[in-house]
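Thanks for coming, everyone. Let me put the chain on the screen and walk you through it.

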Amino acid sequence: MRRISVVALVVLVALWSSGAPDVSQARAVTARFHTSPPSSPSAVSTLRRSDVNGDCVVDILDLSLVAASYRAPYPFPHAQADINGDNAIDLQDLVLVATSYSWHCPTHSIMFAPWCSQTDAPGNDDAHLADEFICFQNSDGSAADLTEWHVRDQYGNRYTFPPFTLAGGAYVRLHTGVGNNSNTDLYWGYPYAVWNNSSDVVYLYDQDWLLVERYQY
Ligand SMILES: [Ca+2]
Ligand SMILES: [Ca+2]
Ligand SMILES: [Ca+2]
């Protein structure tokens with residue numbers, strides 16, 4: 001109910017500020033694949049970036065900062081309010097904060113790692129399922145137990161981690177297809193491609209289904 005109220009507030013603020021949303025501005029955030037960790041802010045998930053004021057919780061304060069910068073000319077009053085990094089502060093940013101509402105910083109540091117992910121396998125993805133993979137890195141110094149954590153895409157396809165520990169500073173690739181699990185590679189064993197090539201959303205939940213990470217590409 002609280003989230004519905006927030007979304008309603010977002011829509012009201014947006015309509016009050018600018019009339020009907022400008023659909024022409026809607027565009028997907030393009031994922032960039034790297035061979036090493038990038039330093040660009042685009043590597044930080046929109047979930048974390050929704051904490052505009054950096055106080056480790058996404059709440060009305062963050063929403064108000066985006067609203068205060070709504071459609072402001074560059075330089076923005078609050079540059080961090082451009083959640084999706086498209087150089088405009090608009091309805092997309094408000095919605096991203098609203099859909100992250102009540103998120104708290106996790107006590108661990110498992111993040112989606114676009115630089116070691118490959119959502120578009122070479123050739124036909126359905127014929128090369130083991131070559132389609134997403135990647136998570138542990139940016140903390142200590143190991144993290146990911147046993148029975150969950151991954152899902154925007155359509156609700158779900159994967160549950162087997163007994164697995166990700167060492168501090170390490171990363172793990174989750175392949176869509178079949179293979180032998182190791183410390184660096186896990187295999188979903190799914191019969192079809194999961195990750196859209198152009199845009200999708202990666203959700204990571206802990207063992208209690210609390211959202212840890214959400215990354216839109
Ligand atoms: Ca905040
Ligand atoms: Ca934006
Ligand atoms: Ca794909």
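I will start with the overall layout, then take the helices, the sheet and the cores.

First, the ground rules. This is a predicted model: local features need pLDDT of at least 70, side-chain atom pairs count only at pLDDT 80 or more, and totals for chains, interfaces and linings use all residues. Residues are numbered from 1 along each chain as its sequence is written, while chains are lettered from A and ligands numbered from 1 in the order in which they are written.

Now the layout. The chain has four helices and ten strands. Helices (H or I, at least four residues) and strands (E, at least two) are DSSP runs, numbered from the N terminus. Read from that end, the order is α-α-α-α-β-β-β-β-β-β-β-β-β-β.

How much of the chain is buried? Of its 217 residues, 35% are. Buried is a count: 20 or more other C-beta atoms within 10 Å of the residue's own, with exposed at 12 or fewer, partly exposed in between, and C-beta atoms placed from the backbone. Contacts use those atoms too: two residues are in contact if their C-beta atoms, placed from the backbone, lie within 7 Å. Take the contacts with a separation of 6 or more. Residues 24 or more positions apart account for 59% of them.

On to the helices. The axes of α3 and α4 (residues 91–99) come within 10 Å and cross at roughly 180°. Axes here are lines fitted to C-alpha atoms, for helices over the stretch in contact, and angles run from 0 to 180 degrees between N-to-C directions. So α3 and α4 are roughly antiparallel to each other. Which residues make the contact? From α3 come Asp 62, Leu 63, Val 66 and Ala 67, and from α4 come Asp 93, Leu 94, Val 97 and Ala 98. By class, that gives six nonpolar, no polar and two charged residues. Nonpolar means Ala, Val, Leu, Ile, Met, Phe, Trp, Tyr, Cys or Pro; charged means Asp, Glu, Lys or Arg; the others, Gly among them, are polar.

Look next at Val 58. It sits in the loop between α2 (46–49) and α3 (60–68). Is Val 58 buried or exposed? Buried, because 26 other C-beta atoms lie within 10 Å. Val 58 and Ser 102 are 44 residues apart along the chain, yet their C-alpha atoms are separated by 5.2 Å. Beyond four places in sequence, the contacts of Val 58 include Ser 50, Val 97 and Trp 103.

Now the sheet. Four strands form an open sheet in the order β5-β4-β9-β10, with antiparallel pairing. Pairing requires at least two DSSP bridges between two strands. β5 (158–160) and β10 (211–216) stand at the edges, each with a single partner strand, so one side of each has no neighbour in the sheet. Ignoring direction, neighbouring strands are turned by 15° against each other on average.

Go across it strand by strand. β4 (residues 150–152) pairs with β5 over three bridges, and His 150 stands opposite Thr 160. Three bridges also join β4 to β9; there, Arg 152 faces Tyr 203. Between β9 and β10 there are five bridges, with Arg 214 as the partner of Tyr 203 in β10. The hairpin of β9 and β10 has five residues between the strands, and Trp 209 takes a positive phi near 60° there.

β9 (residues 201–205) has two faces. Val 202 and Leu 204 are on the covered one; Val 201, Tyr 203 and Tyr 205 are on the uncovered one. In β10, Val 212 is buried, with 24 other C-beta atoms within 10 Å. Its contacts include Pro 106, Ile 110 and Leu 204.

Last, the cores. A nonpolar core is a set of buried Ala, Val, Leu, Ile, Met, Phe, Trp, Tyr and Cys residues joined through C-beta atoms within 7 Å. The largest one has 30 residues, and among those touching the most other members are Ile 110, Phe 112 and Leu 204. Its largest share, four residues, comes from β2. Apart from that core lies another, of 17 residues, including Leu 47, Val 66, Leu 91 and Leu 94.

Note on methods
Parallel < 35°, antiparallel > 145°, perpendicular 65-115°, else oblique.
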